Amino acid sequence: MTSTPGKRIGGVYVIIDPAACTRMRPEAVARAALDGGATMIQWRDKLRDKGDQLADAQALAALCRARGALFIVNDHADLAIAAAADGVHLGQHDLPIDAVRPIVGDRMIVGVSTNNVDEALAAEVAGADYIAVGAIFATSSKDVTRPASLERLRMIKASVRVPVVAIGGINASNIPLVVVAGADAAAVISAVCGADDPGAATRELVSAFISRDPA
């Protein structure tokens, strides 16, 4: 594991997408999510050029450092480095881990999106620090998704040794299902970014993990 000392991959993982932040500015959503108990924040902006994203990414990185949370940048290794992020998250069509690792170094977390056991095992062998599995439920936060399932989540959790993050349509009503299925973390976008009160929404999601592990 190459994760930052003192920080762990687990719990509620809030993806901050400006397009999904319908009621508050992205930094305010991130702050509220951290106040609510989120342990990981990801910056994900599919619309703007990287240079236009840098200030936002740096602000979220500083916020996460102050709160002891992990900060991950979606897709872009160079933006992750420029923002002093803890890690970068790669999709199946982004640069492969063996191309990214020399850029980001051994200390930066690299997460990989997967949909099945074969992809998860390949990502682990390549050096992924965590595996994201989805889409577990139907989602409108991403235009192109491949459906997974709770059973597939269980299979992947049983097949890999790195932390497993469930993603896709997760909200307060179904997060207990992914926790029971073995997810180490649950990634959410609209359940927090689109909430009237992102902090309260995050606290409700966090309660599912507290119920599993009261210690």
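Student: At what angle do helix 1 (residues 26-35) and helix 9 (residues 198-212) pack, and how far apart are their axes?

Tutor: Happy to start there! This is a predicted model, in which local features need pLDDT of at least 70 and side-chain atom pairs count only at pLDDT 80 or more, while totals for chains, interfaces and linings use all residues. Residues are numbered from 1 along each chain as its sequence is written, and side-chain values use heavy atoms, with hydrogens and water left out. Helices (H or I, at least four residues) and strands (E, at least two) are DSSP runs numbered from the N terminus, and axes are lines fitted to C-alpha atoms, for helices over the stretch in contact, with angles from 0 to 180 degrees between N-to-C directions. For helix 1 and helix 9 the angle is about 40°, and the axes are 7 Å apart.

Student: Which orientation class does the pair of helix 1 and helix 9 fall into?

Tutor: Angles under 35 degrees count as roughly parallel, over 145 as roughly antiparallel, 65 to 115 as roughly perpendicular and the rest as oblique. The angle here is about 40°. Helix 1 and helix 9 are therefore oblique.

Student: Is the crossing of helix 1 and helix 9 left-handed or right-handed, and which residues make the contact?

Tutor: A crossing is left-handed if the near helix is turned anticlockwise from the far one by less than a right angle, and right-handed if clockwise. This crossing is right-handed. Contact means heavy atoms within 4.5 Å. On that basis the residues are Val-29, Ala-32, Ala-33 and Asp-35 from helix 1, with Pro-198, Gly-199, Thr-202 and Arg-203 from helix 9.

Student: What does helix 1 meet in helix 2 (residues 50-67), and how are the two helices oriented?

Tutor: Glu-27, Ala-30, Arg-31, Leu-34 and Asp-35 of helix 1 meet Ala-59, Leu-60, Leu-63, Cys-64 and Arg-67 of helix 2. By class (Ala, Val, Leu, Ile, Met, Phe, Trp, Tyr, Cys and Pro nonpolar; Asp, Glu, Lys and Arg charged; the others, Gly among them, polar), the contact has six nonpolar, no polar and four charged residues. The axes come within 10 Å and cross at roughly 15°. Helix 1 and helix 2 are therefore roughly parallel.

Student: Where does Pro-26 sit, and is Pro-26 buried or exposed?

Tutor: Pro-26 lies in helix 1. Leaving aside neighbours within four places in sequence, Pro-26 is in contact with Ile-16, Pro-18, Cys-21 and Trp-43. Buried means under 20% relative accessible area, exposed over 50%, and partly exposed in between, with a 1.4 Å probe and protein chains only. At 17%, Pro-26 is buried.

Student: Which residues does Ala-20 touch?

Tutor: Ala-20 lies in the loop between strand 1 (11-16) and helix 1. Ala-20 counts as buried, at 18% relative accessibility. Not counting residues up to four places away in sequence, the residues touched are Ile-189, Cys-193 and Gly-194.

Student: How do helix 5 (residues 117-126) and helix 6 (residues 150-159) pack, and which residues make the contact?

Tutor: Their angle is about 30°, with the axes 9 Å apart. Helix 5 and helix 6 are therefore roughly parallel, and their crossing is right-handed. The contact residues are Val-117, Ala-120, Leu-121 and Glu-124 of helix 5 and Met-155, Ile-156 and Ser-159 of helix 6.

Student: What is the phi of Asp-75?

Tutor: Asp-75 is in the loop between strand 3 (70-74) and helix 3 (77-82), and is buried at 19% relative accessibility. Although Asp-75 is not a glycine, its phi is positive, at about 80°.
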